[in-house]
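I wanted to look up ring pairs and nonpolar cores in this one. Here is the model I opened.

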Amino acid sequence: MIFAKPTRVILAATLALAAMSSQAHDLWFKPSSTVLSSPDWVTVDAAVSNDVFFFNHRPLSLDSVKVTAPDGSAVKMENAFKGELRSVFDFKPEKPGTYRVSMAMNGVMGGYKDANGQAKRLRGSLEEILKQVPADAKEVSITENVRRMETFISLGKPSAIALTGKGLEMKPLTHPNDLVSSEEAKFEFHIDGKPAADLEVELVADGIRYRDGVNAMKLKTDAKGNVAIKFPRPGLYWLNVDAKDQKTSISQAKERCLGYIATLEVLP
């Protein structure tokens, strides 16, 4: 069960989930490179911010972040550092193929109204949340959260990206490291391994600090879970997709919130 993790990992995931569910703050990875022609170091910034790709709020905990090699093996993160506004780490791709930087955030959130009708929020593991609910609580609600954030770095020819079949995921029909501004890209979104229709896909370009508005692109997946994207210009893009259903794996939870975030680089 996901709730048997050490306390510090639960806390890190809970904080990330709280930030991800807030409209005021966004989570993101920002790699220094996504396409390499020879083995070289890649530095990744990670933060929770008020503006995409601009660290101005707090660092992202790296406890649940993983780097995976093309063969599925774990890659060690070097020089990991947590500052006041961002976290940073390095890794060096050595073998050809696509490396995945990912963070899975699974947990629960809840709330209730106390005897005076005041709304109270609940945070922690399922066991901790249940202990926090007083006997006279009203309108108790528990929500399961299943979210993922990732970015991709390829050394040489990109390799296939495997899906887990769990939660909300992106199946690239165009490889994330083969994106160019002059060509249409296609992605397919799945929930628990099945194509998910009518999901809103939001894309925000880097440089938000230097323009008048967010200028987010918003698209919808079709009946097969597909979406076609024509990026207006080269650069980094933050992709975000959310969904809700009642397919919880926790009996106390009546709703499941799913989320997916990816950082994509589009070349000229």
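Predicted model: local features only at pLDDT ≥ 70, side-chain atom pairs only at ≥ 80, totals over all residues.

Residues are numbered from 1 along each chain as its sequence is written, and side-chain values use heavy atoms, with hydrogens and water left out.

**Rings.** I paired rings of Phe, Tyr and Trp (its six-membered ring) with centres within 6.5 Å, calling planes under 30 degrees apart stacked, over 60 edge-to-face and the rest tilted. That gave me four aromatic pairs. Trp-28 and Phe-53 have ring centres 5.7 Å apart and planes at 70°, so I logged them as edge-to-face. Both residues are buried (under 20% relative accessible area, 1.4 Å probe, protein chains only).

Next I checked Phe-189 and Tyr-260: centres 6.3 Å apart, planes at 70°, so edge-to-face. Phe-189 counts as buried because its relative accessibility is 0%, and Tyr-260 is buried at 0% too.

**Cores.** For a nonpolar core I took buried Ala, Val, Leu, Ile, Met, Phe, Trp, Tyr and Cys residues joined through side-chain atoms within 4.5 Å. The largest has 30 residues, and Phe-29, Leu-60 and Met-149 are among those with the most contacts inside it. I then looked up what Met-149 touches (heavy atoms within 4.5 Å): leaving out residues up to four places away in sequence, its partners include Trp-28, Phe-29, Leu-60 and Ile-261. I also noted a second, separate core of 26 residues, which includes Ala-185, Phe-231, Leu-258 and Leu-264.

Notes:
Buried < 20%, exposed > 50% of the residue type's maximum accessible area, 1.4 Å probe, protein only.
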